[in-house]
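Dear colleague,

Please find the structure below, handed over for your use. My notes on it come after the display.

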Amino acid sequence: EMDYNGAEIGSYTDNLIGTLLAIFGNVLVSISLTIQKYSHVKLAGTKEHRAFYRTKTWWSGFVFTCLGELANFVSYAFAPLAIVAPLNAVSVLTSSILGFIFLRERLKPKDFAKQYGLVFLGYILVIGGAYLLVSFGPNSHEKLIATNIVKHLVGWPVLLYLLLEIITFCLLLYFYKRRKANYLVIILLLVALLGSVTVLTVKAVSGMLVLTIEGTMQLNYPIFSVMFVCMVASAIFQAGFLSQACKLHDSSLVASVNYILSTFFAVLAGAVFYLEFINEDILHICMFLLGSAVCFLGVFLITKTKKKARIFEPCVTLNMSNGVPTIHDKGPVIQPDYSGSFSYGTLVNNNGVAPAPLPVHLETPPLGPRTSDASQGHPGIKRD
């Protein structure tokens, strides 16, 4: 099938493959984060002094992470951005469910409904919203050969969009760096603007790689190298800003707002760059927007209820920015975290969250009287 420009259009089967790959990848990444966190907590509760990367559990989680991210990457080649990007809500949903299973709390039905009612409402909204946006999202997308990508890139809608995005990004960066405006919205807008570039380039790189595997060589075109470099650079800077946001603000709020803003700009970028909604009617577009809004509300309820229910605990240390998962001395939290593209299951703790109890033989012993050696380093303290 061909579009009005003569470009080959992906089939319904391609859309289905891309959607299933995105769902599978997000579920697999959430499971991998849980496995890695379990490895950290299990290691922290023993007397054995061993690095986390020497445990089989952590490596099994890492393998699942790679498989999940690979599935997410390939899904961009088969399905439109407008469908793949909002399906990150599946990762939030799965992480929250796994966190609920790990809590294993016994509550009366009345207390259970009061404590977890909004969370389960969020589950329903995410599932319903995902169904709507998949059902009424773009039914076809363009096969991304190199010449088509160049044609889109030099078109005036894309150039105007990129110009406005660059101006907006520079203004936000000025206020963030020079004016010290560390507001959550400013930081996450920077993340979302970079994220829109990331998903555009990921879709181009993934599409050209898949076509090359199918037998149509695309890697010898300069546009492939340009897209690949932009993909890596935007991903790294995006991870850095997201890490700063998690350090300065509540990680649950970061998770929900980042999902909303990043999804909005990803869908907008796909509509402008790849013309994903050009053949859709008003009814389908309105139903797609309704599904996206329902997903946004569901994610917000799941992430914000964690303060009371402690089901969902997003991580604040991003593996792509520092490379080493860490355990903070305030006590670990055994909760799976929100997963964007750059969060790989570090074990951290937020202020105000109760630490997970260690085994009985490792509980902190009660403090005894101050010894004379301890007071020698403090001349102002009298000895007992």
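This is a predicted model: local features need pLDDT of at least 70, side-chain atom pairs count only at pLDDT 80 or more; totals for chains, interfaces and linings use all residues.

Residues are numbered from 1 along each chain as its sequence is written, and side-chain values use heavy atoms, with hydrogens and water left out.

Salt bridge

The structure holds one salt bridge (a side-chain nitrogen of Lys or Arg within 4 Å of a carboxyl oxygen of Asp or Glu). Its partners are Lys143 and Asp14, whose closest N and O atoms are 3.2 Å apart. The pair links distant parts of the chain, 129 residues apart: Lys143 belongs to the loop between helix H5 (109-136) and helix H6 (146-153), and Asp14 to helix H1 (residues 12-44). Helices here are DSSP runs (H or I, at least four residues), numbered from the N terminus. Lys143 counts as buried because its relative accessibility is 18%; Asp14, at 12%, also counts as buried. The term buried means under 20% relative accessible area (1.4 Å probe, protein chains only).

Aromatic rings

Rings of Phe, Tyr and Trp (its six-membered ring) pair if their centres lie within 6.5 Å; planes under 30 degrees apart count as stacked, over 60 as edge-to-face and the rest as tilted. The count by this rule is twelve aromatic pairs. One of them is the edge-to-face pair of Tyr176 and Phe241, with 5.9 Å centre to centre and 65° between the planes. Tyr176 lies in helix H7 (residues 156-177) and Phe241 in helix H9 (residues 222-248), so this pair ties together parts that are 65 residues apart in sequence. Both residues, Tyr176 and Phe241, are buried.

Phe273 and Tyr274 also form an edge-to-face pair, at 4.6 Å centre to centre and 65° between the planes. Phe273 and Tyr274 are both buried. Elsewhere, ring pairs link Trp58, Trp59 and Phe62 into a cluster.

Helix H11

Helix H11 (residues 282-304) has 23 residues. Its buried residues include Phe288, Gly291, Cys295, Phe296 and Ile302.

Yours sincerely

How values were computed. Helices (H or I, at least four residues) and strands (E, at least two) are DSSP runs, numbered from the N terminus. Buried means under 20% relative accessible area, exposed over 50%, partly exposed in between (1.4 Å probe, protein chains only). The expected span of a helix is 1.5 Å times one less than its number of residues.
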